[in-house]
Amino acid sequence: MINDRPLRVAIIGSGPAGMYAAGHLLESPGGTLIDGELKQIVHSKVAVDVLDRLATPWGLIRSGVAPDHPDKKRMAMIYDSIARRDGFRFIGNVQVGKDISPAELSQWYDAVIYAVGADDERRLGIPGEDLLGSNSARAFVSWYNGHPDFSNLQFDLSAERAVLVGNGNVAMDVARILFSPISALHITDIASHALDALSKSQIKEIVILGRRGPEHAAFNYPELMELADLPDTAIIVEGADLNALPRSQNHEAQLKIAALAKLCKEKIQGNRRIVFRFNAAPTALIGEERVAKVSLINKQGEFETESELSAGLVLAAIGYRGLAIDGLPFDHERGVIPSCESRVVDHGVVLPGSYVTGWIKRGPKGIIGSNKKCARDAVIAVMDDATSGLLPLEGTLCKDQALQRIKERVATTVAFSDWHKIDMREQQDGKALGRPRLKITVSSAILNMLKSA
Ligand code: NAP
């Protein structure tokens, strides 16, 4: 308790980083697991408001994790149980930096934790990148997951070849979704507009470009091995001889190379092909209005050659980037909010009461679980500062006042009970079609549905 009231913390973003932070702040009675031991990291009563710019919670679990990964989607059940703890409140459809400034939030709450993820993408920076048919894999992933910002995009899947630039896990997800049988996608929560477009896809070959050799491939072993299950699909390696590579000291790299070699050996036949092309970097996308070809520079030892590859769809899967929030410092080079031990830092000076966690702190790397420890570190920083008297406690609003102030800016906010209505409706609509869920992919439709519910 702070002055006989709970410590009031706002968390911005309800994805994994934000929800783990909420979970740590509303610590279960057993405590928090640190180095194999249960410890109490929260020593006072805490009330948490989780704000999200979308009407729906769970961030990348809903709009980034591939729909055919239900095990990862089930993380939402853990977040749902955190959201049911005493002291938790969800306030959706509120954009910090637009509807409310960070300075206002800092005044209204004792502490603010920014867990806004990486809402932007890296750019290739080559000519032709903005031609029709060229987009980011992030946009494609958000589109097939029914993210409202991307649901009106259209991807032309009528050409025979698609090129993915970059060979990380996002490229693996995209290749798998492009070549999964429609019957397999039908039983996932993939957006219906994407299911429809994929059912008409003419793509026969996906080329996955790696600008370096197989020993530097960015995919993980499990994500690579999932390609083994794609029916009628051959897997081919070009631009590198897997058998002639020097043995890597890196055990994981060695494992991945062996797995890729095995896949190529076992998946020889198929009407569809996935080509892992290594040591090949795009230098330009060529076409009139639409992309028609990719120019490549191919490296072989000391030598470099140029070549072209026809393609009707080019997706850059070269990583995500954080997006600056108006009123907060931003490291434009790294695409993160600058911080020191989870505390937001502006030109080397700590902003009292402001913290970061997740991709907006670390950059876009790691798996979902990486956010748990990251969020724990942020919560420990909040609690240390609370104990040391370093939080600016003056002017903090009580629970009702804070919501009232937010509602002065945003007429229609979304409560956690509203999310349950959306969730139920999506599941009911899906059931009627033999699907687990029919996502509502337009924000205004969600808000209208809530009005009439
Ligand atoms: P990533 O793992 O960082 O891979 C990016 C790829 O793009 C690398 O191959 C990189 O090559 C290449 N690249 C970067 N800049 C390039 C350029 N200018 N030209 C050509 N190639 C370029 O990114 P990601 O696949 O977007 O994944 C982001 C994070 O999400 C990762 O931590 C990933 O593990 C995670 N994720 C996990 C899952 C899962 O657990 N199933 C699913 C999706 C994403 P270099 O190595 O040469 O730079």
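**From a buried cysteine to the sheet**

Mentor: C374 counts as buried, because its relative accessibility is 4%. Buried means under 20% relative accessible area, exposed over 50%, and partly exposed in between (1.4 Å probe, protein chains only). The model is predicted: local features need pLDDT of at least 70, side-chain atom pairs count only at pLDDT 80 or more, and totals for chains, interfaces and linings use all residues. Numbering runs from 1 along each chain as its sequence is written, and side-chain values use heavy atoms, with hydrogens and water left out.

The structure holds 0 disulfides, a disulfide being a pair of cysteine sulfur atoms within 2.5 Å. C374 is in none; its nearest cysteine sulfur, that of C340, is 14 Å away.

Now the sheet. It is open and has 7 strands, ordered β5-β4-β1-β6-β20-β19-β18, with mixed pairing. Helices (H or I, at least four residues) and strands (E, at least two) are DSSP runs, numbered from the N terminus. Two strands pair if DSSP finds at least two bridges between them. The edges are β5 (88–92) and β18 (339–340), each pairing on one side only.

Contact means heavy atoms within 4.5 Å. Axes are lines fitted to C-alpha atoms, for helices over the stretch in contact; angles run from 0 to 180 degrees between N-to-C directions. Helix α13 (residues 370–387) lies across β1, β6, β19 (343–346) and β20 (349–356), running at about 125° to β20.

S354 lies in strand β20. It is buried, at a relative accessible area of 3%. Leaving out residues up to four places away in sequence, S354 touches S106, V112, Y114, S342, R343 and V344.

In α7 (residues 169–179), 9 of the 11 residues are buried, so the helix is largely enclosed by the rest of the structure. The buried residues include M172, D173, R176 and F179.
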